[in-house]
Amino acid sequence: MYHAWFHHHDADGWITVAKKTENGNFKQYHFQPEELAAELTKWLGEDVYFSQNTFYKPQRKIENIRQLRSLYVDLDFYLFNYDPSWVLGKLEHEFYGKSIPEPNILIFSGQGLVLIWLLEPVPYKALPLWQAVQNYLLEQLKELGGDPKATDAARVFRIAGSVNSKNGAEVRAEYRHDYRYELRQIQFDYLPELNEVINPAPQKKKRGRKKKVVQLFNTYKLHYARLLDIVKLVELRNYEVTGYREIICFLYRYWLCCYTNDPVEALNQTQTLNLQFTEPLPLKEVERATRSAEKAWEARNNEEANRIAIEKGYPGAGYNISNKKLIEWLDITPEEQKHLQTIIDANEKRRRKRERDRIYQEQKRRERGDMTRQEYIKQQQDKTDDKLFKLQELLEQNPKATNKELAAALGVSIRRVQQLKKEL
């Protein structure tokens, strides 16, 4: 149990602890970091898991990520009948410090091995970069049985001290070092291709086809942003989405499949989202109505299907749905678009550009020491107030003074005197 406390004792957000029930489902509980130490002592026995990252509310979902606190790869080397000692030796001599950094913790889960790299916590906005690094580590360890379905940020792994019911083995942890990595540094050291994407230099964009790792990173960003947009739209409508339930569930399941590469988890999360609607669909209807989403995801990961799609003029297999079509399907209003990241039309793009330009110009004015528009207006008003005060004094001293005489005394035009008199 020390393993989970060591991982999360200084965390921010909710931590999920889960136990697998007899029917194979997870019974999940959520704790704050300060509660974890006391609660973990109660979690003894078979098939106990905990989340590697934290959530901003007690619900284990990708869109609820609060802090990204680790990277991990689950090695199912037993599927290849590899000897554990051979795998450990190969990692030590051929991988650590070469193609991957040395992990902080090794979890011997009873059958396989989980490698965990602890991170200096980063917020949910870094999730696309986190996913790119996560998938890089998986790719490097694929030959040792790296599990592609255990790479999403909401993943849970077995707690050291619990028991794996499949073979009765106790789960144990080996601590190698306590240095916490910086996500950006791992990316810089092992995925330098992403440097210009994350911090683009102020120069012309390079021509030519982007490298595969860059394409994947951009895809992660898009799928995650669209996933958040769907959830945000449901929230904006107070979960009253009758008439749009099927298409919302379909899009959510498809983008979650693309992001997590775990169709089973994607369906579970889609059914959970559906249950939050004011009028949920029957769960069997959710599965039936969104089945094509999983098939499209499978095609998207099929080389032959992608080749055929590209030959036909498509970007690739799977669904490539335009913003225009999404706005039309979901009847997204201009006001709703203001709260979304990517599902926006040309008008909203222009509005955001104007706002960015305004902020940029405002920043430049401040750097030059120029006045803002509000400051300029106030200055002019102060000048007017001063002229009004002086005009009032002159009229009190000489009520019969002509406008020409008043103008000369104030240093303004006769027309300006006429305007000031109207304000008195």
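A nonpolar core is taken here as a set of buried Ala, Val, Leu, Ile, Met, Phe, Trp, Tyr and Cys residues joined through side-chain atoms within 4.5 Å. In the present model, which is predicted, the largest such core comprises 86 residues, and the members that touch the most others are Leu75, Leu91, Leu115 and Leu141. Helix 8, spanning residues 245-260, makes the greatest contribution to this core, supplying 12 residues. The surroundings of Leu141 illustrate the packing: when neighbours within four places in sequence are left aside, Leu141 is in contact with Val73, Leu75, Leu91, Phe95, Ile100, Leu115, Trp117 and Gly146. In soluble globular proteins, nonpolar side chains tend to be buried together.

Strand 3 (residues 48-51) is covered on both faces, with Val48 and Phe50 buried on one side and Tyr49 and Ser51 buried on the other. In a regular strand the side chains alternate between the two faces of the sheet. Strand 3 pairs in the antiparallel sense with strand 1 (residues 15-20) over 3 bridges, and within this pairing Val17 stands opposite Phe50. Strand 3 also pairs with strand 8, again in the antiparallel sense and over 3 bridges, with Ser51 standing opposite Val156.

Val156 and Tyr49 are found again at the second largest pocket, the volume of which is about 1,000 Å³; of the 34 residues that line this pocket, Lys20, Phe26, Tyr49, Arg155 and Val156 are the closest to its centre. At least two lining residues are supplied by each of strand 2 (26-31), strand 8 (156-158) and helix 9 (263-275), and helix 9 provides the largest share, with 6 residues. By residue class, the lining consists of 9 nonpolar, 13 polar and 12 charged residues.

Most residues other than glycine have a negative phi. Asn81, however, has a positive phi, near 60°, and is located in the loop between strand 5 (65-75) and helix 3 (84-95). Because its relative accessibility is 70%, Asn81 counts as exposed, the cut-off for that class being over 50%. Asp331 likewise has a positive phi, near 50°, and belongs to the loop that connects helix 13 (323-330) and helix 14 (334-337). With a relative accessibility of 43%, Asp331 counts as partly exposed, since this class lies between the limits of 20% and 50%.

Conventions. Residues numbered from 1 in each chain as written. Predicted model: local features only at pLDDT ≥ 70, side-chain atom pairs only at ≥ 80, totals over all residues. Heavy atoms only, no water. 1 Å grid on protein atoms, 1.4 Å probe; cavity = no way out; pocket = protein on both sides within 12 Å on 5 of 7 lines; lining within 4 Å. Points joined across faces, edges and corners; volume = space filled by probe spheres on them. Helix = DSSP H or I, 4+ residues; strand = E, 2+ residues; numbered from the N terminus. Nonpolar A, V, L, I, M, F, W, Y, C, P; charged D, E, K, R; others polar. Buried < 20%, exposed > 50% of the residue type's maximum accessible area, 1.4 Å probe, protein only. Contact = heavy atoms within 4.5 Å. Pairing = 2+ DSSP bridges.
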